[in-house]
Amino acid sequence: MGSYVITVPGTVRHPVGEEARRTLLAVVHGADPEEAGTQVPDLDVLTLDEPEGTFVLRLEVEAPDHTAAGETALGLARRAFTAAGYEEDAVSIGTPVVTGIDVG
């Protein structure tokens, strides 16, 4: 097993409000939605370009290999957007990319 940082790009069809952002970050962090998004490290997890409707999530997952890590990150991204109130057709999630590995 290793720890992978996976970058997941995508687009949203409507703006991510503050409550949706907190909920989304709570899912990816497993934290209380009232506290998520209030600390500086969260800025690295989710990058939004509101005018363009694009986002990048940087997720750290545990997995046996890069393929499983990408699948885990995709599932986590989908759960996060669903919890934040986005219907499946309101979010397009791109291909995940491994941007960091710690197998030791």
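Start with the aromatic pairs: there are two of them. Rings of Phe, Tyr and Trp (its six-membered ring) pair if their centres lie within 6.5 Å; planes under 30 degrees apart count as stacked, over 60 as edge-to-face and the rest as tilted. A pair of aromatic rings is described by the distance of the centres and the angle of the planes.

Before selecting anything, note that this is a predicted model, where local features need pLDDT of at least 70, side-chain atom pairs count only at pLDDT 80 or more, and totals for chains, interfaces and linings use all residues. Residues are numbered from 1 along each chain as its sequence is written, and side-chain values use heavy atoms, with hydrogens and water left out.

**Stop 1: the rings**

Select F55 and F81. Their ring centres are 4.7 Å apart and their planes stand at 45°, so this pair is tilted. F55 sits in strand β3 and F81 in helix α3, 26 residues apart, so to speak of the pair is to speak of a link between distant parts of the chain. Helices (H or I, at least four residues) and strands (E, at least two) are DSSP runs, numbered from the N terminus.

Buried means under 20% relative accessible area, exposed over 50%, partly exposed in between (1.4 Å probe, protein chains only).

F81 and Y86 pair edge-to-face, 5.5 Å centre to centre with 90° between the planes. Y86 is buried at 4% relative accessibility.

**Stop 2: the core**Select V8, L57, L59, F81 and Y86. These residues have the most contacts inside the largest nonpolar core, which has 28 residues. A nonpolar core is a set of buried Ala, Val, Leu, Ile, Met, Phe, Trp, Tyr and Cys residues joined through side-chain atoms within 4.5 Å. β1 (2–12), α1 (18–29), β3 (54–63) and α3 (66–83) each supply at least two residues of this core. Which of them gives the most? It is α3, with eight residues.

Zoom in on L59. Leaving out residues up to four places away in sequence, L59 touches Y4, V5, I6, V8, V28, V45, A73, L76 and A77. Contact means heavy atoms within 4.5 Å.

**Stop 3: helix α3**

Select α3. Its buried residues are A68, A69, G70, A73, L74, L76, A77, A80 and F81. Among the elements covering them are β1, α1, β3 and β4 (91–93). Past the helix comes G85, with a positive phi near 95°.

**Stop 4: P96**

Finish at P96, in the loop between β4 and β5 (97–102). P96 is partly exposed, with a relative accessible area of 22%. Select T7 as well: the C-alpha atoms of P96 and T7 are separated by 5.6 Å, although the two residues are 89 residues apart along the chain. Neighbours within four places aside, P96 is in contact with I6, T7, V8, G70 and L74.
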